[in-house]
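Subject: Structure handover and notes

Hello,

I am passing on the structure that I have been going through, and below it you will find my notes.

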Amino acid sequence: MFTSIFLIGLQNHQWFKETEFPQKPRQLYTLIAEYGSRLYNYQARLRMPKEQLELLKKESQTLENNFREILILIEQIDILKALLRDMKDGVHNHSWPVHREAVQDQVTTAALDEEMSNLVHYVLKKFRGDQIQMADYALKSAGASVIEAGTSESYKNNKAKLYWHGIGFLNYEMPPDMILQPDIHPGKCWAFPGSQGHILIKLARKIIPTAVTMEHISEKVSPSGNTSSAPKEFSVYGIMKKCEGEEMFLGQFMFNKTETTIQTFELQNEASESLLCVKLQILSNWGHPKYTCLYRFRVHGIPSDHT
């Protein structure tokens, strides 16, 4: 079985090596190739039950097909750019009055720029959605929730108030369940005071957890120019009975803010039974003295009806 999994990963890895990528945009191709290599290494380490092997094959094929679609879309973007240049040159070659030429040029540029922008956003959305390729059982829209009784208090920020005639009357800090949602725009995070805190999550269904994913924004998009409030070391626990029982240690990890913004960690210990609740314990951050911000946390695993 391990040999089969290895060959599946090798097939994806070999496809990325043999595919001839255009020169532009170089950064996106590099990112895709890097992820293909990471997927290959990840699959080579997996020890999956037989009933999961077919699922792995299907997901691998889906991933390859989606990447091919991304490459086709990128080629379309390059064609649109060339078309834009040709049309701009054609506009300038006509003997129209200056003001008419300027208007036509502006309309043409705006229309094609919008089309290219739509394609770029679609490509990035498609690529982003394929990075994990594992179900998130801590997703709020799927039914997961935060148990506030087992969660640290939110960071109180005097700047995050609504004011009426100069009097602050309502805080609008983000609630803890922000970390269970896919929107990770800068500032849309849950903050707790200091560098240590915890959050108790009731999953969408009972699972045997196998991995978790931590996500944070990059310094390039951070309004402050740094991500010192990002979590660093953290632990994950399974709660055995009704989210109030004995805690089972599942692993301790480090989120490296200098690497990719989305990082997945295989759990170090396997739960002896299906779990409905998981506790995330933050042990340190990257240096912010006042608070720590969590953007998104995902829990992956095998549903109880598949075990």
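Helices (H or I, at least four residues) and strands (E, at least two) are runs assigned by DSSP, and they are numbered from the N terminus. This is a predicted model, in which local features need a pLDDT of at least 70 and side-chain atom pairs count only at pLDDT 80 or more, while totals for chains, interfaces and linings use all residues. Residues are numbered from 1 along each chain as its sequence is written, and side-chain values use heavy atoms, with hydrogens and water left out.

I begin with Ala 230, which is found in the loop between strand 5 (197-215) and strand 6. Ala 230 counts as buried, at 0% relative accessibility, where buried means under 20% relative accessible area, exposed means over 50%, and partly exposed is in between (1.4 Å probe, protein chains only). If residues up to four places away in sequence are not counted, Ala 230 touches His 216, Asn 285, Trp 286, Thr 292 and Cys 293, a contact being heavy atoms within 4.5 Å. Ala 230 and Cys 293 are 63 residues apart along the chain, yet their C-alpha atoms are separated by 5.6 Å. Cys 293 is itself buried, with a relative accessible area of 8%. Trp 286 has a further neighbour in Lys 232, which lies over the face of its ring at 4.6 Å from the ring centre; a charge sits over a ring if NZ of Lys or CZ of Arg is within 6 Å of the ring centre and within 35 degrees of the ring normal.

Next come the partners of strand 5, where two strands pair if DSSP finds at least two bridges between them. Strand 1 (residues 145-147) runs antiparallel to strand 5 and is joined to it by three bridges, with Leu 200 in strand 5 as the bridge partner of Ile 147. Strand 5 also pairs with strand 9 in the antiparallel sense, over seven bridges, and here Leu 200 has Lys 279 as its partner. With strand 11 (residues 296-303) the antiparallel pairing of strand 5 extends over eight bridges, and Thr 213 is partnered by Arg 298 in strand 11.

How many disulfides are there? The count comes to one, a disulfide being a pair of cysteine sulfur atoms within 2.5 Å. The sulfur atoms of Cys 243 and Cys 277 are 1.4 Å apart. This pair links distant parts of the chain, 34 residues apart, with Cys 243 in the loop between strand 6 (233-239) and strand 7 (247-254) and Cys 277 in strand 9 (residues 275-282).

Finally, there are six aromatic pairs, and rings of Phe, Tyr and Trp (its six-membered ring) pair if their centres lie within 6.5 Å, with planes under 30 degrees apart counted as stacked, over 60 as edge-to-face and the rest as tilted. Phe 234 and Phe 253 form a tilted pair, at 5.6 Å centre to centre and with 45° between the planes. Because Phe 234 lies in strand 6 and Phe 253 in strand 7, this pair ties together parts that are 19 residues apart in sequence. The rings of Phe 234 and Phe 265 have their centres 5.4 Å apart and their planes at 80°, so that pair is edge-to-face. Phe 234, Phe 253 and Phe 265 form one aromatic cluster.

Best wishes
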